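Q: Please take a close look at the sheet in this model and at the helices packed around that sheet. I would like the geometry, the contacts and the cut-offs behind each term.

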Amino acid sequence: MDDKTEKSIVNRLRSAGCVFAEEEAQILISEAHSLDDLNQKVKMRADGLPLEYVIGWAEFCGLRIEVEQGVFVPRKRTEFLVRQAADLSCSGDIVVDLCCGSGAVGAALAATLGGISLYCADIDPVAIRCTRRNVTDFRDYIFEGDLYNALPQSIKGHINLLVANVPYVPTKAIDMLPMEARLYEPKLALDGGDDGLNIQRMVAEEAPYWLAAGGQLLIETSEIQAPQTFEIFTNAGLTTNVVRDLELDATVVIGTNNAFLNDWQQDCDLYLKKYR
């Protein structure tokens, strides 16, 4: 590819409003199979289609996550959620990626951690199709359905780590999102209801019944919503804290299932008193 052609592509992308026109031009050139394919990809991008849909993948935690139009594109800030989850996980843990979308979080955790049992679930069949391509080692543990209803009863009360990047954009705020998200990404993956927290409430309320004693729920939220998410977690009986990464503008709320842990501890204490 000569410099003149590359410059022409950059100018076309910049005219279409692409902020990172130079970087995107290089990616499109490297992904094109022919000149005709390149021209088609540049046209799709200039027409507003997100770059990830044009090339068929998104970079996430050093992985190529396959995406297709109609699935939520994983964001850079969600890498903070993965890091927090990885720091809390141990070998042998049962880990669930709820509302998994493309399976990016689950795939990143599987690549980072060794010896976990990973379950992924989403209500959207397009998301499940992508997850099966991205989480190849756990294809038998990928389920389509609505939140916990998708999961097998056999893991209820045994989940060590429950990671949920649920929709948290308030319904009225969707019209203010960048055009790429607003026009091309599924509303199902964005719309969190009137205050953006409807799905968070549903996940947190049932979490204590699905988490093992000491198991933890991690949810990505916005900085402004974090106090409300904190309250949702505590109302569900979880011991809660909030962590934040300023560079990524990422906020994660972590809740620990101490209620069942306390019951277990009480049972142990009674047993010891009885048999001492």
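A: Axes here are lines fitted to C-alpha atoms, for helices over the stretch in contact, and angles run from 0 to 180 degrees between N-to-C directions. Helices (H or I, at least four residues) and strands (E, at least two) are DSSP runs, numbered from the N terminus. This is a predicted model, in which local features need pLDDT of at least 70 and side-chain atom pairs count only at pLDDT 80 or more, while totals for chains, interfaces and linings use all residues. Residues are numbered from 1 along each chain as its sequence is written, and side-chain values use heavy atoms, with hydrogens and water left out.

The sheet comes first. Two strands pair if DSSP finds at least two bridges between them. On that basis there is an open sheet of 7 strands, in the order β5-β4-β3-β6-β7-β9-β8 and with mixed pairing. Its edges are β5 (142-144) and β8 (239-245), each of which pairs on one side only. From one strand to the next, the twist averages 15 degrees.

Helix α9 (residues 198-210) lies across β3 (94-98), β6 and β7, and runs at about 165 degrees to β7.

The axes of α5 and helix α6 (residues 104-112) come within 10 Å and cross at roughly 40 degrees. That angle makes α5 oblique to α6; angles under 35 degrees count as roughly parallel, over 145 as roughly antiparallel, 65 to 115 as roughly perpendicular and the rest as oblique. The crossing of α5 with α6 is right-handed: a crossing is left-handed if the near helix is turned anticlockwise from the far one by less than a right angle, and right-handed if clockwise. On the α5 side, the contact is made by Thr78, Leu81, Val82, Ala85 and Ala86, and on the α6 side by Val105, Ala108, Leu109 and Thr112. Sorted by class, this contact of α5 with α6 has 7 nonpolar, 2 polar and no charged residues. Here Ala, Val, Leu, Ile, Met, Phe, Trp, Tyr, Cys and Pro count as nonpolar, Asp, Glu, Lys and Arg as charged, and the others, Gly among them, as polar.

For α9, the partner is helix α10 (residues 226-235); their axes come within 8 Å and cross at roughly 25 degrees. That makes α9 roughly parallel to α10. The α9 and α10 crossing is right-handed. Gln200, Arg201 and Ala204 of α9 meet Thr229, Ile232 and Phe233 of α10. This contact of α9 with α10 has 3 nonpolar, 2 polar and 1 charged residues.

Note on methods: Contact means heavy atoms within 4.5 Å.
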